[in-house]
Amino acid sequence: MPAGTSRQDALYEEAANGFGAALSRLARAYEADADKRRDLSQEIHLALWRSFEKFDGRCSMRTWVYRVAHNVATSHIIRQRHAKMPAMVSLEELENLADKNAMKINSDQRQTLDRLMALIQSLKPLDRQVIVSYLEGLDAAAIGEITGISAGNVATKIYRIKGILARRFHEGGHCGE
Amino acid sequence: MVNELLQNDVRNIWQDQKVEAVQLSVQEIRQRAGHFAKQTGRRNLREYIGVVFAVLVFGFYILWFPNFTVRLGASLTIAGALYVAYQLHRRGSTRNLPENCGSESCLDFHRRELERQRDALRSIWSWYLGPLIPGPMVLIIGGGFAKRPPWHGRAWIGAVVSAVLFSLVFLAIARFNRIAARRLQRQIDDLEECSKAKVRDAW
């Protein structure tokens, strides 16, 4: 086996072991249908393996993995645009949409997750990339490196995300129903 | 403080969710890559079969119909089909993701994908609709005239009506594509704004 190929395989295995669960969550943020989601996940893994042939270490493996995954998933959304897809909104638009039914976060995790997922899936790709990265625990600099938007812009978007989450979910016991 | 607790709770719920993990060994990945290449090959083959079918049918017209306009129409249809097939093949090959899509930020990748689609839609006259028009037009009008010359009334009127309807269908397709291209342009403009904000921040 050529050295390049074994390096590619080793990098893929390292990425799949380190980010496998995160990639599945990411696929869920982009595709609600279970069968299509499975296909998307496999497409992401395939693209990732292919991409490692060109991985030059100029960015971290984490940045590389998330870029490939988001780019594949964004492509998936663009391809599906002719299908019956609900209109996507930006964080700014979402911020202005009234949502009177704030949910108590500790009441039912399943329901909270479903609601969070619906919120994420309604967003335009760029904002979806930011919110998913934020939920994965990445900081503004890392999100900026992955998405290509400026640190200031990422900070603004995260501020908006926090506001939206605070309005739609609340801590049990802190706010009255 | 309350807000920070909430953010952590939401993040925990997100990260603790049960997901169906994709477990693919390198061997399976290689098999799938091979399968994907075969699928692409089959897609190309279907396109080639369609073109071969068109060439056979209209080639028959050229061989068996003595009328010059019918032969001309059939020749133009074959030429148009070959050109469109070449363009579909050329553009189809870029549907596959580039291997270096990890070195490109999501913003740049997304904008490039949208621009590629916008350009394809904007130029649809030159590479798809336009080449398919002359052949059928000559066949429709030439066929009508072949049955009866223009000075003999109704046959050619039917041919002209068919040609107008044919043109209207193509115009409608072009209009839908222009609307879709404008929609893509709005998305590209939004992404451009993000890029400009990045440059402003850098200064």
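Predicted model: local features only at pLDDT ≥ 70, side-chain atom pairs only at ≥ 80, totals over all residues.
Visitor: Why is A:L23 called buried?

Guide: The term requires 20 or more other C-beta atoms within 10 Å. A:L23 has 26 such neighbours and therefore counts as buried. A:L23 belongs to helix α1 of chain A, and beyond four places in sequence A:L23 touches A:S41, A:I44 and A:A69.

Visitor: What makes A:Y134 buried?

Guide: The cut-off is again 20, and A:Y134 has 22 other C-beta atoms within 10 Å, so the term applies. A:Y134 lies in helix α6 of chain A. Leaving out residues up to four places away in sequence, A:Y134 touches A:I143, A:I158 and A:I161.

Visitor: How do you know which residues touch the most other members of the largest nonpolar core?

Guide: Membership calls for buried residues of the nonpolar kinds, joined through C-beta atoms within 7 Å. The core has 51 residues, of which A:Y12, A:L26, A:I44, A:L48, A:V68, A:A69 and A:A73 touch the most other members. Helix α1 of chain A, residues 3–30, supplies the largest share, 10 residues. Domain 1 and domain 2 of chain A each contribute at least three residues to this core. Apart from it lies another core, of 12 residues, including B:V70, B:A74, B:I78 and B:V84. As a general matter, nonpolar side chains in soluble globular proteins tend to be buried together.

Visitor: What is A:I44 in contact with beyond its neighbours in sequence?

Guide: Leaving aside residues within four places in sequence, A:I44 is in contact with A:L23, A:A27, A:A69, A:V72 and A:A73. Each pair meets the contact criterion, which is C-beta atoms within 7 Å.

Visitor: What is the span of α3(A), and how does it stand against the expected value?

Guide: α3(A) has 19 residues and reaches 27 Å from its first C-alpha to its last. The expected value is 1.5 Å times one less than the number of residues, which comes to 27 Å, and the span is close to that. Buried residues of this helix include A:W64, A:R67, A:V68, A:H70 and A:S75.

Visitor: How do you know that the two domains of chain A touch?

Guide: Chain A is divided into domain 1 (3–82) and domain 2 (91–170). Their centres, taken over C-alpha atoms, are separated by 21 Å. On the domain 1 side, α1 and α3 of chain A each supply at least two residues, and α3(A) gives the most, with six. That side divides into seven nonpolar, three polar and two charged residues.

Visitor: Which residues form the side of chain A that touches chain B, by class?

Guide: Between the chains, 53 residues of chain A are in contact with 41 residues of chain B. The largest share of the chain A side, nine residues, comes from α3(A). By class, that side has 22 nonpolar, 21 polar and 10 charged residues.

Visitor: What share of each chain counts as buried?

Guide: In chain A, 42% of the 177 residues count as buried; in chain B, the share is 18% of 203 residues.

Visitor: How many of the contacts in each chain join residues at least 24 apart?

Guide: Among contacts in chain A between residues at least 6 apart in sequence, 70% join residues at least 24 apart. For chain B, residues 24 or more positions apart account for 71% of the contacts with a separation of 6 or more.

How values were computed. Residues numbered from 1 in each chain as written. Chains lettered and ligands numbered in written order. Helix = DSSP H or I, 4+ residues; strand = E, 2+ residues; numbered from the N terminus. Domains from an automatic or database assignment. Nonpolar A, V, L, I, M, F, W, Y, C, P; charged D, E, K, R; others polar.
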